[in-house]
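Have the structure open while you read.

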Number of protein chains: 2
Amino acid sequence: MTLHQPLMKIKKWQRAEFTYRQQEDPRHFIHSRLAARFSCGDRQYRVSGFYNDGGEFKLRFMPDREGRWTFITESNLPELDGLTGELECVAPASDATGPVRVADGRHFRHANGEPYYPFGTTAYVWNFQAPEIQQQTLDTLAAGPFNKLRMCVFPKHYTYNFAEPRRFPFPGNIREGFDFTRFDCAFFAELEQQIDSLQALGIEVDLILFHPYDRWGFANLERSVDHRYIRYVVARLASFSNVWWSLANEFDLLKTKPMAFWDGIFELIGHEDPWHHLLSIHNWHNPPLHYTSNAHWYDHRNSLVTHASIQHHDLNFIPGWLEHFDKPVVIDECRYEGNVDLGWGNISAQKMVELFWTGVCKGGYVTHGESYLSDDDIIWWSHGGRLKGDSAPRIAFLRGIIEQGRPKRLTPFVRTQDSHWDAAIGFMDDDYWLIYFGDSQPQFKLMTMLPDGVDYRVDIIDTWAMTITPLGRTLRAGERLTLPGRPGIALRLQKAVGE
Amino acid sequence: MTLHQPLMKIKKWQRAEFTYRQQEDPRHFIHSRLAARFSCGDRQYRVSGFYNDGGEFKLRFMPDREGRWTFITESNLPELDGLTGELECVAPASDATGPVRVADGRHFRHANGEPYYPFGTTAYVWNFQAPEIQQQTLDTLAAGPFNKLRMCVFPKHYTYNFAEPRRFPFPGNIREGFDFTRFDCAFFAELEQQIDSLQALGIEVDLILFHPYDRWGFANLERSVDHRYIRYVVARLASFSNVWWSLANEFDLLKTKPMAFWDGIFELIGHEDPWHHLLSIHNWHNPPLHYTSNAHWYDHRNSLVTHASIQHHDLNFIPGWLEHFDKPVVIDECRYEGNVDLGWGNISAQKMVELFWTGVCKGGYVTHGESYLSDDDIIWWSHGGRLKGDSAPRIAFLRGIIEQGRPKRLTPFVRTQDSHWDAAIGFMDDDYWLIYFGDSQPQFKLMTMLPDGVDYRVDIIDTWAMTITPLGRTLRAGERLTLPGRPGIALRLQKAVGE
């Protein structure tokens with residue numbers, strides 16, 4: 001049996017959706033399976049479909065190769081088994097970049113080849129807030145420097161987060177309980193809209209699948225429900241090109257989920273997500289221990305982990321983590337700008353900016369958060385809304401500088417015995433160096449970190465005042481460079497060509 | 001045979017000196033040995049004497065018990081063997097506190113029972129500078145907050161340190177070489193004056209016996225010369241009550257001296273110094289490694305090591321070091337206030353003050369240094385002279401606060417899962433807490449770190465402005481305390497008694 005539809009045209013990396021109607025029956029959530037094998041030439045994907053309530057089954061597909069794709073379904077429902085279909089994948093929209101992938105070992109790139117430098121922020125449950133707050137969040141993001149957002153599927157129970165959400169991934173409510181044999185498809189439809197809104201802003205969604213801050217029971221579901229939930233989320237969302245899977249925020253606080261559970265979830269997503277979206281897991285513990293002795297961390301060397309998503313306050317460890325994990329390092333929490341009572345959320349804007357510059361010059365990527373007290377308890381880190389702090393414009397300034405270096409990426413310059421440990425130093429081959437002095441205030445530097453025989457144009461950057469002052473002459477290895485002698489200074493050195 | 005002298009009266013912890021004349025012969029430095037067994041009741045010390053050139057042998061003794069001390073000499077020179085003598089040790093001078101000892105496991109106390117809180121500074125080779133600079137140094141120290149000084153026996157060869165000294169521990173000079181079979185007694189007489197001048201200012205001398213910054217050969221002496229040098233220094237200086245032995249600055253840069261060499265020097269000093277002055281060794285490497293995996297460090301758990309003398313920039317490790325070494329932790333270098341080109345010496349005064357507060361509240365002690373560029377290359381860290389920075393008055397302010405807590409000492413409050421890691425917290429039993437927020441800027445705190453049922457008087461301290469503002473009411477565990485919401489704030493909480 002073949003569906004008779006006009007040939008669907010889908011732009012590369014956009015989403016095709018195929019809908020099949022059956023009798024309404026909530027038992028479909030558990031008992032009915034639908035999948036399809038898509039192929040285009042030698043490229044083949046097995047894609048899971050999902051039941052969308054109301055008798056509706058859906059298959060979603062993100063073509064990532066131009067040309068004619070055909071598929072055939074598999075189902076334990078005879079009516080949905082062996083169905084075929086096709087679509088024509090056409091050239092991407094001019095602004096479509098495709099999913100983000102790991103590139104060059106320790107960095108990222110969009111599928112279209114454009115480098116991607118994550119400058120993320122955090123608004124864990126903005127998606128559960130009132131519509132006007134959600135709109136504020138989108139407006140703030142549209143005006144801001146961020147191209148990645150960490151957010152949760154489940155609501156958050158925590159200080160400043162006690163309002164009861166309207167909807168949940170499962171039907172029900174906290175008084176009457178939840179029906180874990182079904183999913184609330186209206187909730188997911190809303191989540192999908194939110195993800196699409198972020199896509200329209202060019203923002204990647206680092207989607208957090210589990211977290212410990214819970215009063216509803218979502219942190220302690222039965223294993224079979226956990227797995228069904230993961231399969232369902234992946235079936236619905238894997239076709240969204242801007243989704244990343246973050247298995248958990250602070251997984252090590254989910255006391256009922258042992259390390260083997262996470263191994264299983266990595267494998268399950270690895271199996272269910274044909275596009276292999278970026279996939280990681282985020283720790284809570286960050287004791288002053290060397291990474292190799294840190295028993296609390298998931299081992300990011302697992303080949304299914306695409307990048308290390310780390311919580312830590314000391315970004316000097318980044319070169320060691322890059323070496324140890326040999327994949328990109330994203331510091332997804334290193335304390336937030338703000339003034340709340342809790343240690344994770346009360347650093348100054350200056351410190352937040354310092355962490356960004358340090359992390360980036362050390363070859364990693366850093367995620368922002370903001371947690372200023374608010375009369376209405378709408379705090380960016382969790383609820384979204386409006387930013388109140390002073391770090392975002394400086395992060396925009398840094399992002400601009402990094403993107404001017406495109407398509408190159410920074411490799412950390414690991415100090416030996418050269419006394420350059422007052423600086424975070426990253427370089428892009430011989431022809432680009434970014435040197436950040438942080439809270440050091442040298443009055444001059446002997447530029448002994450540079451390779452010999454290259455003339456550099458030098459810019460002296462005030463990371464707080466956001467000024468870039470050209471030195472006005474070129475500089476070579478070993479030369480003496482006079483500096484402003486105050487904290488927060490960086491240098492950009494670019495190979496002088498034909499000057 | 002008995003010397004016929006009037007009974008010498010020596011105040012407790014002061015120095016007695018007994019001189020014996022022989023034929024002048026420089027071979028005495030190598031071939032002649034003199035020692036004496038001193039006793040007073042059940043207290044017995046074996047004290048080495050030394051040859052002082054010009055035919056003069058000396059025995060020096062610091063009586064540390066009031067009463068009559070007698071001694072008998074031992075020598076391979078028959079004329080100096082079996083001599084007896086005595087002295088009467090009388091009550092100490094009113095300002096004499098005696099040598100500093102380890103007390104209460106992880107802290108210090110003078111022999112007279114007064115607590116000693118080290119607030120050290122560093123002027124490695126002030127003793128090699130011109131007399132007027134030396135006087136400036138003493139004047140600066142007299143006006144400043146420091147009660148310990150790190151300084152070297154050997155001169156220093158390093159950036160900003162290329163002037164040739166006038167005298168050396170060994171006779172000779174860099175052109176003609178040195179006579180390592182002798183010592184320059186005039187050099188030592190000067191050093192002794194310098195140590196006494198510091199004693200008069202109440203300053204402990206953390207005397208550095210070896211260091212790697214050398215162009216004269218002192219860092220690479222023959223083993224037999226190293227050992228003779230150590231025995232000679234100890235024989236001359238062990239009777240100085242304010243001396244501490246620092247085996248080396250940055251011992252791990254002394255590439256020709258393996259770990260076993262340092263074991264031997266610890267044993268030698270342990271044997272030669274009857275008073276067991278404080279004894280440690282100072283590292284150079286401070287990679288971002290956990291202490292237990294740091295192969296570069298001398299193992300401060302060695303029972304001859306009285307305290308850990310550490311170089312490290314991250315003072316959050318202090319509670320771990322205290323636990324691991326189970327002895328006092330002194331951070332003798334954690335970067336210096338200044339603006340030189342070298343990473344160790346260009347932090348802001350704010351950062352230096354932050355390091356002091358952090359280290360002290362974490363249960364350790366911190367040593368200052370200052371390295372501002374200077375037209376005459378007289379830089380405090382090495383040459384002494386004058387301070388130019390802004391941290392010293394703030395260190396004085398902190399020292400005053402700590403000494404007001406006398407005789408109690410701070411134990412670090414090791415955070416568990418309480419989100420107080422935005423603060424360095426030390427406490428003295430239940431009745432005194434010092435809480436430092438560093439670069440965190442909480443607008444309020446729930447005081448959940450405090451023990452239940454105690455009413456505290458609260459002072460809000462601005463560590464930079466040096467203000468202490470009483471809260472004006474008492475506070476209990478768990479209460480909410482409004483804070484200034486800016487960096488650099490500390491709290492002092494003292495048990496309210498009868499209020």
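1. A word on pockets before we start: here a pocket is an open set of grid points with protein on both sides within 12 Å along at least five of seven lines. Keep in mind that this is a predicted model.

2. How much space lies in the second largest pocket? About 770 Å³. It has 28 lining residues, and those closest to its centre are Ser348(A), Gln350(A), Glu354(A), Gln350(B) and Glu354(B). Two elements give two or more residues each to this lining: α7 (349-361) of chain A and α7 (349-361) of chain B.

3. What sort of residues make up that lining? The lining of the second largest pocket divides into 11 polar, 9 charged and 8 nonpolar residues.

4. Stay with α7(A) for a moment, and look at how it sits against α9 (residues 391-404) of chain A. The two axes come within 9 Å and cross at roughly 20°. Because of that angle, α7(A) counts as roughly parallel to α9(A), the cut-off being under 35 degrees. As for handedness, the crossing of α7(A) and α9(A) is right-handed.

5. Now over to chain B, where you'll find an open sheet of 5 strands with mixed pairing; reading across, the order is β1-β8-β7-β3-β4. Which strands stand at the edges? β1 (8-11) and β4 (43-48) of chain B do; each has a single partner strand, so one side of each is left without a neighbour in the sheet. On average, neighbouring strands of this sheet are turned by 30° against each other, direction ignored.

6. Inside that chain B sheet, have a look at β3 (residues 34-40) and β7 (residues 67-75). These two strands of chain B pair in the antiparallel sense, over 6 bridges.

7. Chain A has an open sheet of 6 strands to look at, with antiparallel pairing and the order β24-β25-β26-β31-β28-β29. At its edges are β24 (411-412) and β29 (467-475) of chain A, each pairing on one side only.

8. For a close-up in the chain A sheet, pick β25 (residues 424-428) and β26 (residues 432-436). Over 5 bridges, these strands of chain A pair in the antiparallel sense. Which residue stands opposite Gly426(A) in β26(A)? That would be Leu434(A).

Key
Residues are numbered from 1 along each chain as its sequence is written. Chains are lettered from A and ligands numbered from 1 in the order in which they are written. This is a predicted model: local features need pLDDT of at least 70, side-chain atom pairs count only at pLDDT 80 or more; totals for chains, interfaces and linings use all residues. Side-chain values use heavy atoms; hydrogens and water are left out. On a 1 Å grid over the protein atoms alone, a cavity is a set of points where a 1.4 Å probe fits but cannot get out, and a pocket is an open set with protein on both sides within 12 Å along at least five of seven lines; lining residues have an atom within 4 Å of a point. Grid points are joined across faces, edges and corners, and a volume is the space filled by probe spheres set on the points. Helices (H or I, at least four residues) and strands (E, at least two) are DSSP runs, numbered from the N terminus. Ala, Val, Leu, Ile, Met, Phe, Trp, Tyr, Cys and Pro count as nonpolar, Asp, Glu, Lys and Arg as charged, and the others, Gly among them, as polar. Two strands pair if DSSP finds at least two bridges between them. Axes are lines fitted to C-alpha atoms, for helices over the stretch in contact, and angles run from 0 to 180 degrees between N-to-C directions. Angles under 35 degrees count as roughly parallel, over 145 as roughly antiparallel, 65 to 115 as roughly perpendicular and the rest as oblique. A crossing is left-handed if the near helix is turned anticlockwise from the far one by less than a right angle, and right-handed if clockwise.
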